[in-house]
Amino acid sequence: MSTLHAKAYRDIEGVENVGIVTRNYGSSEQLATSLGGDIPRFTNFEKAIAETSPDAIAIGTYTDSHYDYVKRGLELGLHVFVEKPLAETMEECRELFQLAKEKKRILYVGYILMTHPSWSKFIELSHDLGKPLAMRMNLNQQAKGEFLNTLKNIMQIQSPLVDCGVHYVDIMCQMAQCKPVRVHAVGCNNWDKVPQSICNYGQLQIEFEDGSVGWYEAGWGPNMSETAYFIKDVVGPKGAVSIRVDSDRSDDKDHHVEANTLIKHHAEQVDNEFVHEDEVMKIDEPDHEGLALLEQEEFINCIRNDACMASHEERVMTSLEIVFAADQSIAEKQVIELNLK
């Protein structure tokens, strides 16, 4: 994702990449070359900031370092983009958003579906279905090679329910448009390359105050089935809306954001026959690089317009509350009541 962010900044008028920081010097060479080859490269965060004097930083490290980098960036008076999840605990997340307010700086968390055209349409269409809603989403990834190593590294720190779950529970909240009230989750570890305390497979259920319900399932590893690995739909009294992706491989790391076909089903019947044909909507959406560009344009616009980030903060914090509650539910084997405002 950091590579996509850097390419996006290169393509936004008035924005310039002034430095790249990686754990070792050699790992940034390919990215620097792709961006023109003359971008300073560093292995030390403080040295990079001191020598380049940036206005903003983009953090694409693993989650266990997010809190430290975001905090240091904000304390230095920088605007911050950080990949999801924002931090490892709700307390850390609250502290970071509060610090951003105190420093009058933009803190933008990378929920790429927030600026995704097809997912925005998916949410819009869900509002025509009546209430209560039943929402079903999953992301089971059978992976290999470099992508498998990435997933393994993520799961040394956190579960798939947290890492990618924030995207989909946020979508459910935008569909339901009401307060989530409780979470129940189950999970297991059936891949021996990750700590036993972290479930590489899990499923959560959310209940909303209007009676709507949501289900999210995530499983990562070389052992995952490719049967029914991609489900994204929402069902209401008036019908349903579904995402269909014309691809047969779950190990494509870009697959989780694809949504090029939406199908709207109308429940209305006369004499037990459907009145309307299903509507199939093909959407000419950007590729993964194009989606990253849309996301980074939003971040830059927030900076340029000194945007109010209250809505963004609420979405981030609500989704985190839900996925952290899911992990708690698995650990404690009980339903978790939410106390959101």
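The model is predicted, so local features need pLDDT of at least 70 and side-chain atom pairs count only at pLDDT 80 or more, while totals for chains, interfaces and linings use all residues. Residues are numbered from 1 along each chain as its sequence is written, and side-chain values use heavy atoms, with hydrogens and water left out.

**Whole chain**

Start with the cartoon view. The protein has eleven helices and 16 strands; these are DSSP runs (helices: H or I, at least four residues; strands: E, at least two), numbered from the N terminus. The C-alpha trace spans about 75 × 45 × 40 Å along its principal axes. A compact globule of 341 residues would have a radius of gyration near 20 Å, and the 21 Å of the protein agrees with that; the radius is taken over C-alpha atoms, and the rule is 2.2 Å times the number of residues to the power 0.38.

Next, colour by burial. Of the 341 residues, 51% are buried, where buried means under 20% relative accessible area, exposed over 50% and partly exposed in between (1.4 Å probe, protein chains only).

**The cores**

Select L86, L107 and Y216. Within the largest nonpolar core, which has 85 residues, these three touch the most other members. A nonpolar core is a set of buried Ala, Val, Leu, Ile, Met, Phe, Trp, Tyr and Cys residues joined through side-chain atoms within 4.5 Å. Helix 11 (residues 310-332) supplies the largest share of this core, nine residues. Then select V15, F81, Y108 and F299, which are included in a second, separate core of ten residues.

**L86**

Go back to L86, in the loop between strand 4 (79-83) and helix 5 (90-103). L86 counts as buried because its relative accessibility is 0%. Show its contacts (heavy atoms within 4.5 Å): leaving aside neighbours within four places in sequence, they are H66, Y67, V70, C93, L96, F97, L107, V109 and L320. For a distance check, pick T63: L86 and T63 are 23 residues apart in sequence, with 7.2 Å from C-alpha to C-alpha.

**S319**

Finish in helix 11 with S319. A relative accessibility of 1% is why S319 counts as buried. Beyond its neighbours within four places in sequence, S319 is in contact with Y111, V166, V169 and D170.
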